[in-house]
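This briefing describes the overall fold and one aromatic cluster of the structure shown below.

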Amino acid sequence: MNAPAKSPLIGIVWMVLTGLNFVAVTAIVKHVGSAIPPAQAAFLRYALGLVFLLPMIRPILAAHLTRRQVKLFALRGVVHTLAVILWFYAMTQIPLAEVTAMNYLTPVYVTIGAALFLGEALPPRRLAAVVVALIGAAIILRPGLRAVEFGHIAMLFTALAFAVGYLVAKRLSGEVSAPVVVGMLSVTVTIGLFPFALMDWVTPTWTDIGWLFLVACFATAGHYCMTLAFAAAPLTVTQPVTFLQLIWSVAVGALVFDEGVDGWVIFGGAVIMASVSFITWREARARRIVTPPVPATK
């Protein structure tokens, strides 16, 4: 296969398509709602998505993973399982726009974790950007001025758990191929979700299964488009485009789910996204990319 053409415009187009796919994921999960418990819905999404794992079976078997690598994959599976359950729960509790905006905190947590546990530098400008991002989160939550619901708390821990999973994946990515990293995540999360799904199992309808299979399809398509975006343009070009996800989430929430448009949520999300973009730009100048793209942890 020929290498993708290097073009900022092409990279932006692919990242726009990435955002549309991931907004479709959140909208469908929101549509399924509380008809199926969050852990079961998450399990069905991953179990149905295993069909996309078939091309990765051979690389996984050929990797001859060490005991240490298996433990790291298991750790990533545990934290990602927790994150997915909390994310599905948050989708049933708070508006789409707030879920999307608070998910922008994941790259910020990654930056902090990389400094604390991976020995990455955290110079004053990047530290200031982290503080600004946390201010953006405070703008969204506005504690004392509005009710902070369990869905908001769930999203705070969702972003944190996704960040831990990304840091583990970053360590593993230098040792095994990308298909192994992606494939092992699908396997471990499916296994991790299974016992939680059994705790409160509700027999799903064929319609529910169809919707959740669509979630798996859109999530897979989103990651594929994101990969093409990274191949076509630098992260500093594609990262800011992810802010469009918040705009689309606001539109879908208002038009489809009759959710109110909260200007403070948009403003807080913009503050976080600006901070993440600045951190990415600084890392690119230093030729040391630590901060992940916003959708990469989903």
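A residue counts as buried under 20% relative accessible area, as exposed over 50% and as partly exposed in between, with a 1.4 Å probe and protein chains only. The model is predicted: local features need pLDDT of at least 70, side-chain atom pairs count only at pLDDT 80 or more, and totals for chains, interfaces and linings use all residues. Residues are numbered from 1 along each chain as its sequence is written, and side-chain values use heavy atoms, with hydrogens and water left out.

**Overall fold**
- The protein chain comprises 13 helices and 0 strands, taken as DSSP runs numbered from the N terminus (helices: H or I, at least four residues; strands: E, at least two).
- Buried residues account for 49% of the 298 residues in the protein chain.
- Of the contacts (heavy atoms within 4.5 Å) between residues at least 6 apart in sequence, 90% join residues at least 24 apart.

**Aromatic cluster**
- Rings of Phe, Tyr and Trp (its six-membered ring) pair if their centres lie within 6.5 Å; planes under 30 degrees apart are stacked, over 60 edge-to-face and the rest tilted.
- The structure holds 6 aromatic pairs.
- The ring centres of Phe 43 and Phe 194 are 5.4 Å apart with planes at 50°, so this pair is tilted.
- Because Phe 43 belongs to helix α2 (residues 38-48) and Phe 194 to helix α9 (residues 178-199), the pair ties together parts 151 residues apart in sequence.
- Phe 43 is buried at 11% relative accessible area, whereas Phe 194 is partly exposed at 39%.
- Phe 43 also forms an edge-to-face pair with Trp 201, 6.5 Å centre to centre and 65° between the planes.
- Ring pairs link Phe 43, Phe 194 and Trp 201 into a cluster.
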